[in-house]
Every structure is written in C-alpha cells, then in structure tokens.
Amino acid sequence: MAFTHETLPADPAAAIRQMKQVLRAQIGDVQAVFDGLSAKIAARVAEINALKAQGESVWPQIPFADIAAGQVTDAQRAQIKRRGCVVIKQHFPREQALGWDRAMLDYLDQNRFDEVYKGPGDSFFGTLEASRPEIYPIYWSQAQMQARQSSEMAAAQSFLNRLWHFDSKGQQCFDPDVSVIYPDRIRRRPPGTTSKGLGAHTDSGALERWLLPAYQRVFAQVFNGKPEEYDPWDAAHRTEVEEYTVDNTTKCSVFRTFQGWTALSDMIPGQGLLHVVPIPEAMAWILLRPLLDDVPEDELCGVAPGRVLPVSERWHPLLMEALSSIPPLEAGDSVWWHCDVVHSVAAVNNQQGWGNVMYIPAAPLCEKNLAYARKVKVALEQGASPGDFPRENYESDWSGRFTLNDLNIHGKRALGIEV
C-alpha cells in the first residue's frame, strides 16, 4: 500500500456542518452523553489535583534499570496507562547525555549554524498563544542518531509500545519490539530565556479527528454515544490514519504510540517545563465538546486546517484544571506521553540553567511507519530535512554528520534495512 497524505476538504466549514449533523444523529442526546463523560473526567481531575496538593508527582517515574531487567510491575504499568505519561529515570547515564549536549553545540558551531540559519521554516503551531521555543531544524548529528539507535532507546520503546493493545481481531497492528527512526529537531533554550511557552494542544491530527474515516473508526464508541467504552490504548485503525496535506506546515506521517524527548540538561520546576493533562480518555471529551449547542455550527472549538488541535480555557476549562508539570529532571532522563494526551510548555522568565532536549518518539514498525522510514533513509543519505518537515536542508554539506555507514543493527532495522 502506498501511503499519501489525505486531501483537505474544499470547503472545511461545510464539511464540519455536515459532520455535526451526522454525529448528532448517531449519538442521540449529545448533552446527556457529554454530561455523563464530564462527571467521570471531573473525578479524574479531582484525583490529580489532590495528588498535587499533597506535593506528589502526577507523573509515574520508572528507573530504566527496571525496564531493562523486566522488573516493572503490573501496578506500575497500570499507573502509566491511567496517566498516559511517564518519566524514565536515568534512561541514559547523565555524563553521556551531557556529552551529547556538548557534541550538539560543537556540531552547530563547526558548521556555522548561527550564520546560515534563516529562521522558522513552518507555521505549524499557528494561533496557539505561544512564542516558539528555541527549536533547531537539525536532524543528523552524531548525538541525535546515537540516541535514536541505542539499545537503551530500543528497550524503552518496546516497553512503551507493549502498553498498547496491538492485536486487533487476530491481526497484529504493529511490531512492538521495533520502532522506526522518526528524526525530529532539537531544543536548546539558554539561561536567561524569557518565553511565553507553548499553548495546550494535541498533535497527530486536528480537523482529521472528526472527518477522516480512519479516525471515525478509532473513535467509533465516542461517535456512537458510548464514550465509556472507548479505549485510548487500542491500536485498531490507528495505523490507517493519514493527516491532511497543508502547505508550509509540519505534519506527522507515522503513528506514534508515545511522543517523547530525552533531556540533555537538568530541569527544575518553574523553568518552562512540559505540562500534560494526564487523562488519555480526555480525547473523547474533546471530540464531543464541539457538538454542543454553544459552539458555532461551522467551528470545532478553535480547530483550523493545518494546525495542531488547541485546548483552551474558553472551550475546555475542565481539562485545563488538570495541567500538570513534569517533575524535576536530570540529564539523561526521558519523558513520554500518549499520542492523544494534551500537552503544553509553560512560560518562563529569566530561565535558570539550560533547557535542552532531543525529540525522540516511539513509532512502532507497521506498514505505514515503514513507508516513511524508507524516505528517512534517503534523507539521511542526502543530509536533507525529513519529509514531514520544511525543506531547509541545512546539513546536506555539513561535516561530522551521521551517515548510513554509522548505523548499528538497531538503526538498520529502524530504517527498514535488512540485517
């Protein structure tokens, strides 16, 4: 099967109006269904805020050593699934992560990045109330690729993928033990930074979540008026989703079980950290919200084509109550959140210390992800920007970048190369 991005409806507003009519007919009493779900979500919000009031971290934290030794308990797995997020402590040795951070800076300096950088190449974050974090469109440094193809990353991704139900009606949706390389950018936020952060949102499709047939199958229980039966960990139909193609935006051509990043510096509370709404079932609430009578017929609570799905105080105040920061981190820790989980980056004024991360998700091997991995292999050969990102191609003639000859067995498998 050849995977191509879906075509945006010629008249999105008309498509939204028609979709609302269909879904309201399917659901029946939308307000009653929404109220029932709201009560369950409100109970989860209260649980989360009670933990925070007691000074406890909402984020489950698992030592990587326990993952490597197969010693994570069923209770710990259940807690990760309940929250939809996890911190893996000491995923990499601290000194290794700090060394990668220094190597990244050397790579940028060696190739005079500051002199050639032309500014942001896309408008993906659209109208979110935000200033862009210090994102560098760099993909092929030795540090990034060493982390992506490491045995530690492979073990963590397998653990995370296996939290999903990846067998559907006797068919395996994906191979949980191999994740493709999905090259993303880096963030380097220097001391003294003042930033508005990044508004609450979800990735992996916005308008698509209501209009695409594959997503309608993913969320069938929600759209049939039975959101209590929706399981955010069921992978059925997830790998069939293709986002709309809109010019000049970043999109995602793979299915990610978890989004994630690896810390290259220590991070303390109040320093512009990642926040999430740790309720993976909240997506059902988000999907039903635009069907209520107070939302204009041609709107979806701020959703716009080619943008991330915004979550706001205006339309989603219940969810915003549960925004919860990651705990303090050390260099080498990694952070992961379910692909539907609402997340944001907090504002910071005069940041203390660096805030540097490598973005590395879990994208398990399946037909869709393999099709993109093969394109990634070509981009690696050329030193080009990967297909989901703007064609900036800074690294095509850079010295010191990672090459095909540097791939280990994990890297080759992750790019669909037979070993």
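Which residue forms a salt bridge with D333, and how far apart are the closest N and O atoms? Select D333 and K89: these two form the salt bridge, and their closest N and O atoms are 2.6 Å apart. A salt bridge here is a side-chain nitrogen of Lys or Arg within 4 Å of a carboxyl oxygen of Asp or Glu. D333 lies in the loop between β12 (324-325) and β13, while K89 belongs to strand β2, so the pair ties together parts that are 244 residues apart in sequence. D333 is buried, with a relative accessible area of 0%; buried means under 20% relative accessible area, exposed means over 50%, and partly exposed is in between (1.4 Å probe, protein chains only).

Before going on, note that this is a predicted model, in which local features need pLDDT of at least 70 and side-chain atom pairs count only at pLDDT 80 or more, while totals for chains, interfaces and linings use all residues. Residues are numbered from 1 along each chain as its sequence is written, and side-chain values use heavy atoms, with hydrogens and water left out.

**The sheet**

Now colour the strands and look for the open sheet, in which seven strands follow the order β1-β2-β13-β9-β15-β7-β3 with mixed pairing. At the edges stand β1 (61-63) and β3 (135-136), each with a single partner strand, so one side of each has no neighbour in the sheet. Helices (H or I, at least four residues) and strands (E, at least two) are DSSP runs, numbered from the N terminus, and two strands pair if DSSP finds at least two bridges between them.

Next, select helix α5 (residues 94-110), which packs on the sheet and touches β3, β7 (186-189), β9 and β15, its direction making about 90° with that of β7. Then select helix α8 (residues 151-161), which lies across β2 (85-89), β9 and β13 (334-338) and runs at about 25° to β13. Contact means heavy atoms within 4.5 Å, and the angles, from 0 to 180 degrees, are taken between the N-to-C directions of lines fitted to C-alpha atoms, for helices over the stretch in contact.

**Strand β9**

Stay with the sheet and select residues 258-263, which make up strand β9; this strand pairs with β15 (residues 355-359) in the antiparallel sense over three bridges. The bridge partner of A263 in β15 is V357. Five bridges join β9 to β13, and these two strands also run antiparallel; here T262 stands opposite S334 in β13.

Which residues point one way from β9, and which the other way? F258, G260 and T262 point one way, whereas Q259, W261 and A263 point the other way. Six of the six residues of β9 are buried, so the strand is largely enclosed by the rest of the structure.

The structure holds 17 salt bridges. Select D340 and R238, which form one with their closest N and O atoms 2.8 Å apart. This pair links distant parts of the chain, since D340 is in the loop between β13 and β14 (343-345) and R238 is in the loop between α11 (220-223) and β9, 102 residues apart. Both D340 and R238 are buried.

Phi of H237 is near 75°, a positive value in a residue other than glycine, and at 27% relative accessibility H237 counts as partly exposed.

Move to R112, in the loop between α5 and α6 (113-116). R112 has a positive phi of about 55° although it is not a glycine, and it forms a salt bridge with E115, the closest N and O atoms being 3.2 Å apart. R112 is partly exposed, at 48%, and E115 is exposed, at 61%. For a network of salt bridges, select E47, R82 and R83 together.

**Helix α14**

Finally, select residues 367-382, the 16 residues of helix α14, which should span 22 Å at 1.5 Å a residue; the end C-alpha atoms are 24 Å apart, which agrees. The expected span is 1.5 Å times one less than the number of residues. Among the buried residues of α14 are L370, Y372, V376 and L380, and its buried residues pack against α7 (142-148), β16 (364-365) and α15 (409-414). After α14 comes G383, whose phi is positive, near 70°.
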